[in-house]
Amino acid sequence: MVTDVFKRLRKEIEVIFEKDPAARSVLEIVLCYAGFHAIIAHRIAHWLWRHNMRTLARLISNLSRMWTGIEIHPGASIGERFFIDHGTGVVIGETTEIGDDVLLYQGVTLGGTGKEKGKRHPTLLNNIVVGTGAKVLGNITIGDNVKIGANAVVLKDVPDNSTVVGVPGRVVMQNGVRVAPPVADLEHGRLPDPIADALHSMQEQIGRLTQEVEALRNGTLTVSAQPPCETPTPSAAATRSRGKGEGGQGK
């Protein structure tokens, strides 16, 4: 059993060297890598969970969350060579299932979509990368060899060999072939700017109004459909004057 534990630890350390170019030594990983600490704590908590020592499992999970900033429910099933890079803010729900060779970046949520019972968290198969801040929600399946872009929100199943981006998440590449036009999610210089659009519209309106005012000044623009001005006619004015005179005499 001790031999198995050391083999598991060796695998966890090897995958960090493979996926993180900043890793310099085994000692640095053991002492400084929150993702390493979180997965080791989860392996222990998950074993306790499966053997019906669930309060102790939750306690270990909670202590790990306070220490690492990574929350993994002890009921979650996680395969081999799993790596959380940086890790702060990662949340993995109770019924999540994760295969082998999966990489998560900081801020990832593998969560549910409500208060449903039973299987309510996602299933991630093998060789998957989930980018910073991405949310994978509900009882959905993410296929093999999938890449999920930063800040994507994935609510539906994703087929194998796909790349997903956007809110809500959409497949933009599958089997190396683009299946949608280029999107702005990965091209920061082409992101829409609603404030700039509104200012541009206002500038156009001001320009048109300025031209109309100049035309009015020059007498080249006639104003139509103006409401008529009520100017008293001489007869109407005289009638009112007589009425006042007659009222005064009666008084």
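The second largest pocket of this predicted model is lined by 16 residues, and Arg58, Glu71, Ile72, His73 and Ile92 are those that lie nearest its centre. A pocket here is an open set of points on a 1 Å grid over the protein atoms alone, with protein on both sides within 12 Å along at least five of seven lines, and a lining residue has an atom within 4 Å of a point. About 200 Å³ of space lies in this pocket, a volume being the space filled by probe spheres set on the points, which are joined across faces, edges and corners. Helix H4, strand S1 (71-72), strand S4 (91-92) and strand S7 (109-111) each supply at least two residues of the lining, and H4 gives the most, with 4 residues. Helices (H or I, at least four residues) and strands (E, at least two) are DSSP runs, numbered from the N terminus.

Residues are numbered from 1 along each chain as its sequence is written. Local features need pLDDT of at least 70 and side-chain atom pairs count only at pLDDT 80 or more, while totals for chains, interfaces and linings use all residues, and side-chain values use heavy atoms, with hydrogens and water left out.

H4 also packs against H3, at an angle of about 170° and with the axes 8 Å apart; axes are lines fitted to C-alpha atoms, for helices over the stretch in contact, and angles run from 0 to 180 degrees between N-to-C directions. H3 is therefore roughly antiparallel to H4, a term for angles over 145 degrees.

Helix H3 (34-50) and helix H4 (54-68) each supply at least two of the lining residues, and the largest share, 4 residues, comes from H3.

Elsewhere, an open sheet of 4 strands runs in the order S2-S5-S8-S11, with parallel pairing, where two strands pair if DSSP finds at least two bridges between them. Its edge strands, each pairing on one side only, are strand S2 (77-78) and strand S11 (141-142). Strand S8 (residues 123-124) pairs with S11 over 2 bridges in the parallel sense, and Leu124 has Ile142 as its bridge partner in S11.

Definitions and conventions
Parallel < 35°, antiparallel > 145°, perpendicular 65-115°, else oblique. 1 Å grid on protein atoms, 1.4 Å probe; cavity = no way out; pocket = protein on both sides within 12 Å on 5 of 7 lines; lining within 4 Å.
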